Amino acid sequence: SMRSSRSPVLYFQCLVGSSNRAASHAGPGGIYTLGGLRTGNFIVSFHGCVPESAYFQEFYDDKPDEFSADLVPVTVGEDTPGIDAALTPGGFITGTVTDEATAERLFGICVYVFDPQNNQVDVEITSGDYFVGPLRAGEYYVEFRDTCGDEEPRVSYYISEWYDDTPTRATATAVTVTPGQQTTGIDAALTFGGSISGVVTDEATGEPLTVICVTVFDIATGERVQDTFTGLDGSYTAGALRTGNYALRFADFCDDAPNYFLEFYDDKPDLSSADDLAVNVGERTAGIDAALARPQLTVTNRGKGSGTVSSVPEGIECPPTCRAHFDAVLDGLANSDMTPVVTPTLVRGLDYYTRTVFGCADEPMCIVTMDQDVMVTATFKKRSKR
């Protein structure tokens with residue numbers, strides 16, 4: 001859009017008519033004509049044809065959206081005049097994002113803009129430079145992040161910051177926006193952070209585990225700093241970390257049906273006992289691996305009778321298979337696959353029957369909850385001859 005030297009006349013401002021869509025550009029003097037319309041009622045929208053347009057979209061007659069717009073009646077062969085609009089100009093925030101150490105421009109950094117009520121009003125991805133707007137007059141807060149809220153987390157390498165070079169919104173400097181003007185020089189020089197990486201495997205099989213949640217905690221504050229998860233090869237990387245001491249938690253919480261026990265590095269049960277990991281900006285802390293365990297069910301057959309013990313779901317067929325791992329019950333979550341039912345297979349002899357007594361409350365079956373390693377004793381007893 002362009003502005004006349006005498007008055008705010010719009011040139012080449014887009015206009016769209018719907019629901020039978022038609023489009024036109026406003027020409028010199030801000031005059032437009034939309035033709036070729038059938039008889040009917042139309043919603044008319046006025047907006048810039050390019051993202052850099054300085055004007056906010058509005059609908060006829062001075063309405064903010066199509067639901068509140070006034071309908072414009074059109075009759076074939078007739079002109080409907082006077083469908084005018086006076087658009088409101090906005091302001092812009094612009095700047096450059098660079099690597100603090102090398103001064104090279106950074107691509108793919110997300111620039112988030114928030115109003116004083118902490119509502120996100122815009123976001124832009126940098127190509128080294130960025131250009132955000134149009135924005136209404138007022139004060140805004142700008143955050144620079146190495147990720148853009150991807151549905152699947154990707155590795156961040158640069159530490160997030162707010163303008164002007166501050167780690168939190170509370171200490172950020174407000175940026176003032178004026179209609180029709182660009183607020184320039186809202187730059188950021190981001191720090192390449194430290195990282196922690198490793199591989200998560202199954203403790204019993206050594207196979208890599210995918211989609212295991214890895215959470216980073218700040219040891220000094222106990223704050224949850226970052227979440228990521230393992231890939232197809234069981235590996236993970238948590239990046240963009242400030243210099244400090246951290247703890248890691250490995251949990252099968254990313255899946256709807258957890259299979260493995262939660263643990264902290266290095267093989268610790270909780271945050272207070274977790275091993276500290278020292279991280280420095282710009283350095284990689286590698287080899288921070290974890291081997292997660294599924295609870296094991298062990299069945300012991302005793303007695304002078306004979307028979308086998310099996311489980312539902314499958315896993316135990318004792319003898320010969322008297323040990324098996326089953327899905328864990330975590331934080332009260334359970335389903336039928338997590339609570340095995342252990343049942344005997346009775347064997348009838350030539351002159352006697354065998355009966356089974358389990359070392360738990362339920363007979364002739366034993367239901368066990370796999371919230372820990374479980375041991376079950378099955379005693380086979382001879383019955384008297386018939």
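## A buried serine and an exposed alanine

S195 is buried, because its relative accessible area is 11%, and buried means under 20%. This model is predicted, and in it S195 is found in strand 15, which covers residues 194–202. Leaving out residues up to four places away in sequence, S195 touches T237, A238, G239 and L241, and also V279, E283, R284 and T285.

When neighbours within four places in sequence are left aside, A278 is in contact with G244, N245 and T285. The C-alpha atoms of A278 and I196 are separated by 9.6 Å, although the two residues lie 82 residues apart along the chain.

## The chain as a whole

How many helices and strands does the secondary structure of the chain come to? There are zero helices and 31 strands. Of the 386 residues in the chain, 39% are buried, and the accessible surface comes to about 21,100 Å², with 49% of this surface belonging to carbon and sulfur atoms.

The contacts can also be sorted by how far apart the partners lie in sequence. Among contacts between residues at least 6 apart in sequence, 63% join residues that are at least 24 apart.

## The loop between strand 4 and strand 5

Two residues of this loop can be read side by side. Y60 has its place in the loop between strand 4 and strand 5, and with a relative accessible area of 15% it is buried. Not counting residues up to four places away in sequence, Y60 touches V44, F46, A69, D70 and V72, together with G82, I83 and D84. From C-alpha to C-alpha, Y60 and A85 are 7.0 Å apart in space, while they are 25 residues apart in sequence.

D62 is placed in the loop between strand 4 (58–59) and strand 5, but at 56% relative accessibility D62 counts as exposed.

Sorted by class, the residues that line the second largest pocket are 11 nonpolar, eight polar and three charged.

## Backbone angles to look at

Most residues other than glycine have a negative phi, and most peptide bonds are trans. A103 lies in the loop between strand 6 (91–99) and strand 7 (107–114), and at 55% relative accessibility A103 counts as exposed.

Where in the chain does D164 lie? D164 is found in the loop between strand 11 (161–162) and strand 12 (175–177), and the peptide bond leading from Y163 to D164 is cis, with omega near 10 degrees. The peptide bond from V312 to P313 is also cis, with omega near 5 degrees, and P313 has its place in the loop between strand 25 (307–312) and strand 26 (317–318).

## The disulfide

A disulfide is a covalent bond between the sulfur atoms of two cysteines. The count in this model comes to one disulfide, which is formed by C318 and C322, with their sulfur atoms 1.9 Å apart.

Is this disulfide right-handed or left-handed? The torsion about the S-S bond of C318 and C322 is about 80 degrees, and therefore the disulfide is right-handed. C318 has a relative accessibility of 1%, so this cysteine counts as buried.

Conventions:
Residues numbered from 1 in each chain as written. Predicted model: local features only at pLDDT ≥ 70, side-chain atom pairs only at ≥ 80, totals over all residues. Heavy atoms only, no water. Helix = DSSP H or I, 4+ residues; strand = E, 2+ residues; numbered from the N terminus. Buried < 20%, exposed > 50% of the residue type's maximum accessible area, 1.4 Å probe, protein only. Contact = heavy atoms within 4.5 Å. Areas by Shrake-Rupley, 256 points an atom, 1.4 Å probe, with all protein chains shown as cover. Nonpolar A, V, L, I, M, F, W, Y, C, P; charged D, E, K, R; others polar. Disulfide = S-S within 2.5 Å.
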